[in-house]
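Let's take a friendly walk through a protein model, step by step. Keep the structure open beside you as you read.

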Amino acid sequence: MTEILAPGLAIGLGAIGPGIGVGLLVMGALQAIGRNPEAAGEIRTNMILGIVFAEAIAIYALVVALLLVFVGAPGLG
Amino acid sequence: MRKLFQGTNLIILIGVLAALLASALLIKVPLPTILLPAEKIPGLSIAGFPITNTLITTLMADLTVLILGFLAVRKIKEVPQGLQNLVEWVFEAFNGMLTDIAGKQKARQWFPMFMTILLFLLFANWWELVPGFDSIGLIEPLEVAYHESGGTVATGYEKGTFLGLPSLVKKPVALTAEQKHKVEEEVLAAEAHGEAYHGPHDEHDASGGYVLLPFFRAAATDLNLPLALAIISVVMTQIVGMRMLGLKYWRRFINPVITGIKPIDIFVGVLEFVSEIAKIVSFSFRLFGNIFAGQVLLFVMPFLVALIVPVAFFGLELFVGFMQAFVFAILTFIFFEQGTHSHAGDEHH
């Protein structure tokens, strides 16, 4: 049971933070573009960079989940 | 809104629903075996190094970029046409974007690096979407796959035929603890004779399960490719920084005593050094994680509903494939740019 639950919890809980983070980032960027459409290109590039860094945290959780699925946790059985 | 359910729309809607129903009831697609390391193709090797299916796809992506480049410049015209026009448009758009970020001189200097990473990764990711990827290959007995994967793969499918060709059908077969034990025994026996393991000796002992070993698999689902690219990118950042700033570049990490060292500078230098290592990890795992997750998604969707629904996810993967290639390339470029910021101006403040 733990083998099935552990990777699910790892990626599920790990995705909450980045999900909120990406939402906030895009919200801010869209508001900025709405107020200043001329700067859209620059804002978009920086938004993508921010999303990438937020997403990296979800990727760490994904790696842990993949390790749990394919390699298993020594000690848990 | 009412018009949506009239005339041809209604016919299309009913058709789609009927296709969904038919696919749910009639078409049974087995779930491909999801395996973390790339599968080695048996019997193929160069100088003792086994050839994996991801290596084949990497070479295909290389060839695609080469052929595209060759075709685009074969007949260069003053007024571009066709492929030359497309390539020029794409290059100009990206060059303009890089100029906005780093200025004309730096953009011109690092554009080849940026575009090489972008184009290579783009095709490496997009090849995955071609039908036949992950679905054409060798059919191996389950016991061999169990041994090769070190015990990870323990379920396979029964063998059937599709259009006269051997294929797997959606009837799962799992190895029992007894059979697993027998495989381990037979592997030891085969190794004692100096032979490779080729499945159970006795037909009656065989589990009857088979596993597909695909010839082609998305290149970035093997961690080796993202890791190699990440190391290239980070090492190039140091080289580019050295070339542009000379020995001053290393003041990013260590501030010499002459400049009036402050304790905070030592701490910042250590942080910079650690972030350089962290870059390799986040570069490689970002690409690997996204493409691997995409591959699993493309495996699971046809397994759940075989018709129409997977098309949407192929569209998503088209976007993700481009986005990851772009992000890898633009991050490399931005780290180049950050690494070559001269700190000389700071001393005037």
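In this predicted model, 13 residues of chain A touch 21 residues of chain B. How can we put a size on such a meeting place? The size of an interface is often given as the accessible area lost when the parts come together. The values for chains A and B are gathered here.

| Feature between chain A and chain B | Value |
|---|---|
| Buried area | about 1400 Å² |
| Share of that area from carbon and sulfur atoms | 83% |
| Salt bridges | one |
| Residue pairs in polar contact (both at pLDDT 80 or more) | one |

Which residues form the salt bridge? R286(B) pairs with E55(A), and their closest N and O atoms lie 4.0 Å apart.

Now look at the surface of chain A. A nonpolar patch there is formed by M1(A), L5(A), L9(A), L13(A), I16(A), I20(A), L24(A) and M27(A). Together these residues have about 850 Å² of accessible area. One of them, I20(A), sits in helix α1, which covers residues 2-35 of chain A. Is I20(A) buried or exposed? I20(A) counts as exposed because its relative accessibility is 52%, and the cut-off for exposed is over 50%.

Finally, turn to chain B and find L212(B) in strand β6, residues 210-214. Which residues does L212(B) contact, leaving aside neighbours within four places in sequence? They are D134(B), S135(B), I136(B), G137(B), L138(B), I139(B) and L168(B). Take I136(B) from that list: I136(B) and L212(B) are 76 residues apart along the chain, while 7.9 Å separates their C-alpha atoms.

Note on methods: Residues are numbered from 1 along each chain as its sequence is written. Chains are lettered from A and ligands numbered from 1 in the order in which they are written. This is a predicted model: local features need pLDDT of at least 70, side-chain atom pairs count only at pLDDT 80 or more; totals for chains, interfaces and linings use all residues. Side-chain values use heavy atoms; hydrogens and water are left out. Patches are made of residues with over 30% relative accessible area and no salt bridge: like charges are joined within 9 Å, nonpolar side chains (Val, Leu, Ile, Met, Phe, Trp, Tyr) within 5 Å. Accessible areas come from the Shrake-Rupley method with a 1.4 Å probe; for residues, only the protein chains shown count as cover. A salt bridge is a side-chain nitrogen of Lys or Arg within 4 Å of a carboxyl oxygen of Asp or Glu. Helices (H or I, at least four residues) and strands (E, at least two) are DSSP runs, numbered from the N terminus. Buried means under 20% relative accessible area, exposed over 50%, partly exposed in between (1.4 Å probe, protein chains only). Contact means heavy atoms within 4.5 Å. Buried area is the accessible area (1.4 Å probe) that two parts lose on being put together, summed over both. A polar contact is a pair of N or O atoms within 3.5 Å; within protein, one must be able to donate a hydrogen and the other to accept it, and residues adjacent in sequence count only if both atoms are side-chain atoms.
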